[in-house]
Amino acid sequence: MRRLAVLISGNGSNLQAIIDAVTSGRLAAEIAVVVASRPSAFGLKRAEQAGLPTEIFPNRDYVRRGASRAERDEALAAVVAAHAPDLIVLAGWMLVLSPVFLDRF
């Protein structure tokens with residue numbers, strides 16, 4: 001069974017569709033983690049209601065301190081990798097990912 005890391009930024013309607021597909025057996029996968037770029041993302045509530053592990057990756061903190069996109073993506077990759085996903089799903093994730101992130105996976 002494939003382990004998914006689902007990256008979200010907002011409402012989590014795409015996440016909910018994935019949760020529903022996994023729960024119903026239409027998608028043979030396990031959601032290993034839901035990562036949100038904003039702590040106020042409603043998708044985090046959807047994940048919590050489904051009993052899924054969540055992580056908040058506060059992009060704004062990296063922007064405020066002047067970190068490069070590569071530095072941000074290296075940190076994001078470490079968060080995602082800690083959950084050992086087989087696949088990464090960008091379900092409404094609103095940030096462009098650089099080769100630093102992509103090459104890790």
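Two strands are counted as paired if DSSP finds at least two bridges between them. The legends below apply this term to a predicted model.

**View 1. Strand S1 and its pairing with strand S2.** Strand S1 covers residues 2-8, and strand S2 covers residues 29-36. The two strands run parallel and are joined by seven bridges.

**View 2. Helix H1 between the two strands.** Helix H1 consists of residues 13-24. Together with S1 and S2, helix H1 makes a β-α-β unit, and this unit is right-handed.

**View 3. Strand S1 and its pairing with strand S4.** Strand S4, formed by residues 87-90, runs parallel to S1. Four bridges join S1 to S4. Here alanine 5 has isoleucine 88 of S4 as its bridge partner.

View 4. Serine 37 is located in the loop between S2 and helix H2, the latter comprising residues 42-49. Its relative accessible area is 10%; because buried means under 20% relative accessible area, serine 37 is classed as buried. The side chain of serine 37 makes a polar contact of 3.0 Å with the side chain of serine 9. When neighbours within four places in sequence are left aside, the residues in contact with serine 37 are Ile8, Ser9, Phe57, Pro58, Asn59, Trp93 and Leu95.

Definitions and conventions: Residues are numbered from 1 along each chain as its sequence is written. This is a predicted model: local features need pLDDT of at least 70, side-chain atom pairs count only at pLDDT 80 or more; totals for chains, interfaces and linings use all residues. Side-chain values use heavy atoms; hydrogens and water are left out. A crossover is right-handed if, with the strands pointing away from the viewer, the path from the first strand over the helix to the second runs clockwise. Buried means under 20% relative accessible area, exposed over 50%, partly exposed in between (1.4 Å probe, protein chains only). A polar contact is a pair of N or O atoms within 3.5 Å; within protein, one must be able to donate a hydrogen and the other to accept it, and residues adjacent in sequence count only if both atoms are side-chain atoms. Contact means heavy atoms within 4.5 Å.
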